[in-house]
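Dear colleague,

I am passing on the structure below for you to look at, and my notes follow directly after it.

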Amino acid sequence: MRVAIITVDTEIYRGEKEDLTLEALEGILENEEDISIVFKKALPSDEKVISTILQRMADADVADLILTTGGAGCAPEDITPEATMAIVERPVLGIGEAMRAYIMQKTKRAMINRSTAGIRRNSLIVNLPGKEKAAKSSLKYLLPELTHAVEVIRG
């Protein structure tokens with residue numbers, strides 16, 4: 001499975017801070033058989049930029065699974081779910097619901113995460129939390145089902 005990871009954080013995009021969440025996600029994915037990371041990039045918190053990149057990646061069939069991290073909280077600059085939903089053709093809302101339910105067992109703050117997921121063409125796009133620990137825990141929990149979903153989407 002080809003995986004792309006997009007970090008949505010203007011400070012990381014500008015090189016003002018290190019992307020620890022990307023490193024954590026890479027660590028999980030690199031240990032999985034049949035998974036290759038084909039793209040990784042930091043983007044600013046700009047809805048048009050995010051949706052354009054997600055759309056172009058899905059339309060060009062760059063990755064089977066596109067993971068975003070960051071930008072799914074309640075701050076004014078948190079617009080990743082809106083950018084994602086602007087370009088998906090079929091929402092898969094259960095992924096975000098399952099992730100929040102799982103993380104709620106560890107912290108009530110999960111209830112203010114707005115992550116979502118959906119399908120565009122043959123790519124599954126999933127928003128993960130921006131915090132390293134939450135993103136890592138979420139990916140470990142979701143990965144078997146995301147792999148299955150990609151298999152179903154790809155036929």
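Is D61 buried, partly exposed or exposed? The model is a predicted one, and in it D61 has a relative accessibility of 33%, which lies between the limits of 20% and 50%, so D61 counts as partly exposed. This residue belongs to the loop that links α3 (47-59) with β3 (65-69), and although D61 is not a glycine, its phi is positive, at about 55°.

R121, which is not a glycine either, has a positive phi of about 55°, and its place is the loop between β5 (117-120) and β6 (123-128). With a relative accessibility of 46%, R121 counts as partly exposed.

As for the sheet, six strands form an open arrangement in the order β2-β1-β3-β6-β5-β4, and their pairing is mixed. The edges are taken by β2 (36-43) and β4 (90-91), each of which has a single partner strand, so that one side of each is left without a neighbour in the sheet. Between β4 and β5, which run antiparallel, there are two bridges, and P91 stands opposite G118 in β5.

Two helices may be described together with the sheet. Helix α5 (residues 93-104) packs on it, touching β4, β5 and β6, and the direction of α5 makes about 30° with that of β6. Helix α3, for its part, lies across β1 (2-8), β2, β3, β5 and β6, and runs at about 175° to β1.

Conventions:
Residues are numbered from 1 along each chain as its sequence is written. This is a predicted model: local features need pLDDT of at least 70, side-chain atom pairs count only at pLDDT 80 or more; totals for chains, interfaces and linings use all residues. Side-chain values use heavy atoms; hydrogens and water are left out. Helices (H or I, at least four residues) and strands (E, at least two) are DSSP runs, numbered from the N terminus. Buried means under 20% relative accessible area, exposed over 50%, partly exposed in between (1.4 Å probe, protein chains only). Two strands pair if DSSP finds at least two bridges between them. Contact means heavy atoms within 4.5 Å. Axes are lines fitted to C-alpha atoms, for helices over the stretch in contact, and angles run from 0 to 180 degrees between N-to-C directions.
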